[in-house]
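Student: I would like to learn how to read helix packing and charged pairs in a model. Could you walk me through an example?

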Amino acid sequence: FHPIINDTDERLKFVLASYNVGIGHVMDARKLAMKYGKNPSLWKDNVDQFILKKSIPQFYKDPVVKWGYCRGQEPYNYVINILDRYQHYLNVLPDENNIALVSLPVLQSSWR
């Protein structure tokens, strides 16, 4: 298990989730993902599913979990909502104002 997420697009999702719920819960979800055969460095359909499961005793009491229970629906929704909102802002800004924003690698690819 490598704690660094090299892909910029993926890293943003993990940073947003960590900002919302705390890095400890995100690390727990990554450990659970790895334990159950998912990729601990991919958010969608991998770690996001285990952040959701951290409100279920079977998962938040798992020996690989250090930080226990969390309301996983909140960080799950937060990542989706913030990235959706950002895409909306890009769509409503005039093109000359988008130049700096569009140059960010995470905004040039599909995030879901």
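Tutor: Gladly, and please keep in mind that this is a predicted model. Let's begin with a helix pair: α1 and α5 have axes 9 Å apart and pack at an angle of about 125 degrees.

Student: Which residues in α1 and α5 meet?

Tutor: From α1, look at L12, K13, L16, A17, Y19, N20 and V21; from α5, look at E74, P75, Y78, V79, I82 and L83. Sorted by class, this contact of α1 with α5 has 10 nonpolar residues, one polar and two charged.

Student: Now the other pair. How do α1 and α2 pack?

Tutor: Their axes cross at roughly 125 degrees and come within 7 Å. That angle makes α1 oblique to α2. On the α1 side the contact is made by F14, A17, S18 and V21, and on the α2 side by I23, H25, V26 and R30. By class, the residues in the contact of α1 with α2 divide into five nonpolar, two polar and one charged.

Student: Let me turn to the charges. What is the idea behind a salt bridge, and how many are there?

Tutor: Side chains of opposite charge can pair when their charged atoms come close. The cut-off used here is 4 Å between a side-chain nitrogen of Lys or Arg and a carboxyl oxygen of Asp or Glu. By that rule the count is four salt bridges. One of them joins E10 and K13, with N to O at 2.9 Å.

Student: Where do E10 and K13 sit along the helix?

Tutor: Both belong to helix α1, residues 8-21, and because they are three residues apart, about one helical turn separates them.

Student: Are E10 and K13 buried or exposed?

Tutor: E10 is buried, and K13 is buried as well.

Student: Which residue does D62 pair with?

Tutor: D62 forms a salt bridge with K35, and their closest N and O atoms are 2.6 Å apart. D62 lies in the loop between α4 (57-60) and α5 (73-92), while K35 lies in helix α2 (residues 23-35), so the pair ties together parts that are 27 residues apart in sequence. As for accessibility, D62 is buried, with a relative accessible area of 5%, whereas K35 is partly exposed at 44%.

Student: Finally, how would I summarise the protein chain as a whole?

Tutor: Start with the elements: the protein chain has six helices and zero strands, which read along the sequence as α-α-α-α-α-α. Last, take the contacts between residues at least 6 apart in sequence: 58% of them join residues at least 24 apart.

Note on methods
Residues are numbered from 1 along each chain as its sequence is written. This is a predicted model: local features need pLDDT of at least 70, side-chain atom pairs count only at pLDDT 80 or more; totals for chains, interfaces and linings use all residues. Side-chain values use heavy atoms; hydrogens and water are left out. Helices (H or I, at least four residues) and strands (E, at least two) are DSSP runs, numbered from the N terminus. Buried means under 20% relative accessible area, exposed over 50%, partly exposed in between (1.4 Å probe, protein chains only). Axes are lines fitted to C-alpha atoms, for helices over the stretch in contact, and angles run from 0 to 180 degrees between N-to-C directions. Contact means heavy atoms within 4.5 Å. Ala, Val, Leu, Ile, Met, Phe, Trp, Tyr, Cys and Pro count as nonpolar, Asp, Glu, Lys and Arg as charged, and the others, Gly among them, as polar. Angles under 35 degrees count as roughly parallel, over 145 as roughly antiparallel, 65 to 115 as roughly perpendicular and the rest as oblique.
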